[in-house]
Amino acid sequence: HGSSLSPAIHAAVAARIGADWEVVVGERMLRARRNGVTVNLFHDGRAIVDGTTDEAEARSILARVVGT
């Protein structure tokens, strides 16, 4: 199970990627969209990358969004 992501972390991610991604921060998640790809980051640590079927590409996109 993933680590918990606080709303403050979601706000920091939104501030960092907001210039390049369309970002919506909700009560329980952050959603970022760009070039047909959507990344959903949930407060409980889960993440869903939609818009690619390539697992390596999805992991790379997630790493860029989260900043790892």
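Accessible areas come from the Shrake-Rupley method with a 1.4 Å probe, and for residues only the protein chains shown count as cover. The structure is a predicted model, in which local features need pLDDT of at least 70, side-chain atom pairs count only at pLDDT 80 or more, and totals for chains, interfaces and linings use all residues. Residues are numbered from 1 along each chain as its sequence is written, and side-chain values use heavy atoms, with hydrogens and water left out.

Figure 1. The protein exposes about 4400 Å², of which carbon and sulfur atoms supply 51%. There are 8 positive and 8 negative charges, and their mean positions lie 3 Å apart. Lys and Arg count here as positive and Asp and Glu as negative, while His and the chain ends are not counted. Each charge is placed at NZ of Lys, CZ of Arg, CG of Asp or CD of Glu.

**Figure 2. The elements and the overall form.** The protein contains two helices and four strands, arranged from the N terminus in the order α-β-β-β-β-α. The radius of gyration is 11 Å, close to the 11 Å that the globule rule gives for 68 residues, so the protein is as compact as a globular protein of that length. Helices (H or I, at least four residues) and strands (E, at least two) are DSSP runs, numbered from the N terminus. The radius of gyration is taken over C-alpha atoms, and the globule rule is 2.2 Å times the number of residues to the power 0.38. Along the principal axes, the C-alpha atoms fill a box of roughly 30 × 30 × 20 Å.

**Figure 3. The pairing of β1 with β2.** Strands β1 (residues 22-25) and β2 (residues 29-34) run antiparallel and are joined by four bridges. Two strands pair if DSSP finds at least two bridges between them. A hairpin of three residues connects β1 to β2.

**Figure 4. The pairing of β2 with β3.** Six bridges join β2 to strand β3 (residues 37-42), and these strands run antiparallel. R33 has T38 as its bridge partner in β3. The hairpin of β2 and β3 has two residues between the strands, and N35 takes a positive phi near 50° there.

**Figure 5. Two buried residues of strand β3.** Buried residues (under 20% relative accessible area; exposed is over 50%, partly exposed in between; 1.4 Å probe, protein chains only) make up 31% of the 68 residues. V37 belongs to strand β3 and is buried, at 10% relative accessibility. Contact means heavy atoms within 4.5 Å; leaving aside neighbours within four places in sequence, V37 is in contact with W21, A32, V49, D50, G51 and I61. The C-alpha atoms of V37 and I61 are separated by 8.8 Å, although these residues are 24 residues apart along the chain. T38, also found in strand β3, is buried with a relative accessible area of 14%. Not counting residues up to four places away in sequence, T38 touches R31, A32, R33, I48, V49 and D50.
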